[in-house]
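Let's take a walk through this one, stopping wherever the backbone or the side chains do something worth a look. Keep your viewer open and follow along.

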Amino acid sequence: MPTYKKQPRRAPQYEEYDEEEVYAVRPTRSLGKSARRPPRHSGFGDVMRRINWNWVIAPLVLIALLAGGWMMYYYQEYTERIDSALRGDIFVASSGIYAAPLTLRPGLAYKREDLLAHLRRVGYLETGTTENQSRGQYAVRGNAVELRPSAQGRIDGDALFRPVRVSFNGNTVQAINDLSSREQLNQALIEPEVISSVVNAEREKRKIIEFRDLPQTLIDGITATEDRQFFEHYGINWRGVIRAFFKNQEAGRVVEGGSSISQQLVKKLFLTDDRVWSRKIPEAYMTVLLEQRLSKEQIMAMYCNLIYLGQRGSYSINGFGQAARTFFDKDVSQLSLAESATLAGLIRWPNHYAPFQHPDRAKDRRDKVLDLMVEADKVTPDQAAQAKTQPLGLKSGGAASIDANDAPYFTDYLTKQLEAQYDSRDALKHLRIYSTVDINLQRAAYQAVTRQMAAIDKMFAKRKGGTAGLQAALVAMNPKTGDVLAMVGGRDYGASQLNRATEARRQPGSVFKPFVYAAALSNGADDDGKTITPATMLMDAPRSFKYGNGQTYSPGNFGDTFENKKITLRDALVKSKNVVTVELAQLIGVSQVAQLAERAGIQRVPTYPSVALGVAEATPLQMASAYTMFANGGKRVMPTAYSRVTDGTGRTLLQASREGRDILSPQVAYMMTSMMQDVLDRGTGTRVRAMGFKGTAAGKTGSSRDGWFAGYTPNLVCVVWVGFDDNSDLGLTGGATAAPIWADFMTKALQVRPDLGGEFQDPGGLVTVNIDPETGLLARSEAGSTAGRAEYFLQGTEPEGSAPRDSKEDDPDKDKDPYAKPKEVEDPYEKPPANQRAARPREMQSQNFPDAMISVEVCNTTGLLPVRGVCTRTTWRKFAFGKEPNDSCNNSRHDRQKIIN
């Protein structure tokens, strides 16, 4: 049998493979069960050994580079946004619209309490109650008030407001002394109130504050409800995020947010309110950057200035400084614990918890905030319980507060004026705008409109439709400077933002008549070639005026009452005689009237007879500006709503121009003023005197479809309009509607600002003589006294002859009321429909009014009424009333006339 040689035992052979492919080795031949196998690697190890690290590292490096570039790019962008906010591009502490400064003079009727109230509204704090030394401060020393202005009241490096001591004697300013030099001053300017802190299209109101102004109770209330670890974390409140997550999970909906105060600030300043994850990453990144560049105090101050806290009318309330003033009429530094909790509770849902609209909700939310403050160890349970017992303590609110204190219609007008100077409204956000509005006059204007319109409402109580759409507007201007001192554009700004003072063009009616008389006194002559004077006599009787292409205009006096005799121009204006006014316009040429009115600022004045009665539409502001020429010696000034605009450092950027334009001679302006003074004393404006207004003033009523009154003192022009928005006929005169508002406002205005009153100054160049108002001639002296009344004339135009008799003993009508309608013509014709008077019997015309004259446009060739296309040349001629041509021209009459010629 064969024998085998025993072979020595050899180790098993293995074939090696690429580790990156299989991560192991395998034997080259099968082994027995007893053969030792290599140790098995774990699954993770196998995976790691199978990775091709060259393909892994490269993408990671690329991602890191992209992320680093993204972070660097957005670091630059976000830091620039943050830096712009810090530079003041979001809002500046001194930005906004300011009222005109308060001017105090020795002898002024002004109470100490009124000054203190003004200082508090401006933002002054009593000395010793604040650590913020940049705030204006005051101290009460017996009957005197010492005040030191804030650091913001500087213009071009000069202090506009001086530290002064104002001493009072009862309700009168006794003396004013400079606190630094002890010098006695003739007057002192006191810092003005802020009308609106932010100028933008969103109608925001904001009162800028510093962290030092915030009471600790408000800080604690904000952090207890919004971010308890605010002063501890570095921008992201992870504990708040986790807490909010679990609460939302438990409720099944979003009931609590996890954003920190810093995140909320970033979202408000730079991002949107969209709840999407794509916003969360930039928000978190910007929050970290913000925390690096600002202190916690600075972040809290910006948050407290920016946060939205509800609506007030059409304005949004932004920031706790504005909210404290709006809801409690307090400076934010003076808030109590309960008031702080109320404001802190508004952050979550401002309109839902609005204190004025929903006081019960606001109180419940306040109590919830107090509980959270106890939970956060910010107050004790006893302090919270005591605060819960207090009422909300709201001090102001509603339309009255908005319109009286904030001058919203004026603010809109001012903004439009400034937008013409700048490229965008956003540019105005960063400016300090010194306006012209006198806030005390503004309050008086709104109160006058409110009081008197309530009385007018009663007149319309039974009217179909009631008082819906019944509105009023008021404009007050300084005729020397053009400064708009007060403006009311409607009864309730919250209900309607249409500014009727500047945008509602309406027919002014008889308020326009002074322009007719002024044009006549300036360069007019009567039929005899004599210069027209206030004593010129014209017939007040019914008549028709033909114009254009055979058209007829037949005006009537108010109440269809006529004197049926000649009267002076002064009496015609005082009694607002329509027919005489139209005749006067025809006498001098309607185009002369239109030119004067347009130079005074009335736009698009037509040139037909009815223009004399005020059919040219105008706004109350345009009419007020036009009337400045009467109060300002013949010089018209343009209205302006601002005096100066500065940047945040006080450097002047824009200053108002106050140049006037000569429209009338000073002498004519003074004669017109004298005539319109009579309107108040014995004419259609006597309602003003009946209401107790005793100041020296002139004015004119107007009644179209609306009611008007325009009047002025030497330093204050005021125009009032009353009417329906849909242009319905008011059915009441300006004397019954607009005049009471004017009298109410002007009475208060001259009490607050006596410097706006005074006496009209005779410019010289006038002659005063006594005339007989029945004849317009010189009055005769009898028994050592002078009869008649004084009248003004330009030198050389005074009457030369005297009245034919100096008594009326032989006059059969001596006891007749000169303004009563004569019996024989009480109702000779039917009252004309609309604006057209029916034709009158020719014999009645000639018998009753033999001295009346009428101007008619006639054909130059035939002397008949012209026909378009036939008569190429026409002229205006005067005819005795009833003798004017009634036949129209035609081709055959033209030809016949040519043959005869």
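Predicted model: local features only at pLDDT ≥ 70, side-chain atom pairs only at ≥ 80, totals over all residues.

Residues are numbered from 1 along each chain as its sequence is written, and side-chain values use heavy atoms, with hydrogens and water left out.

Now back up into α10 itself, residues 320-328. How many of its nine residues are buried? Nine of the nine, so the helix is largely enclosed by the rest of the structure. Buried here means under 20% relative accessible area, exposed means over 50%, and partly exposed is what falls in between (1.4 Å probe, protein chains only). The buried set includes F320, R325 and F328.

Most residues other than glycine have a negative phi. R182 has a positive one, near 65°, and sits in the loop between β11 (172-178) and β12 (188-190). R182 is exposed, at 59% relative accessible area. R604 also has a positive phi, near 50°. You'll find R604 in the loop between α21 (590-599) and α22 (620-631), where it counts as exposed at 62% relative accessibility.

Time for some charges. Side chains of opposite charge can pair when their charged atoms come close. In this model there are 33 salt bridges, each one a side-chain nitrogen of Lys or Arg within 4 Å of a carboxyl oxygen of Asp or Glu. One of them joins E183 to R162, with the closest N and O atoms 3.5 Å apart. E183 lies in the loop between β11 and β12, and R162 in the loop between β9 (158-159) and β10 (164-169), so the pair ties together parts that are 21 residues apart in sequence. E183 is partly exposed at 41%, and R162 is partly exposed at 35%.

Another salt bridge brings R543 and E583 together at 3.6 Å, N to O. This pair links distant parts of the chain, 40 residues apart: R543 is in the loop between β20 (537-540) and β21 (545-547), and E583 is in helix α20 (residues 578-588). Are these two residues buried or exposed? Both R543 and E583 are buried. R753 and D755 also pair up, at 3.0 Å from N to O, and D755 is partly exposed at 32%. There's a network of salt bridges too, linking R570, D571, D678, R682, R789 and E791.

Next, look at β20. In a regular strand the side chains alternate between the two faces of the sheet. Both faces of β20 are covered: M537 and M539 are buried on one side, L538 and D540 on the other. β20 pairs with β23 (residues 565-568) in the antiparallel sense over four bridges; pairing requires at least two DSSP bridges between the strands. Opposite M539 you'll find K566 of β23.

Last stop: Q264, in helix α7 (residues 261-270). Q264 is buried, with a relative accessible area of 14%. Leaving aside neighbours within four places in sequence, Q264 is in contact (heavy atoms within 4.5 Å) with E226, S259 and Y303.

Definitions and conventions: Helix = DSSP H or I, 4+ residues; strand = E, 2+ residues; numbered from the N terminus.
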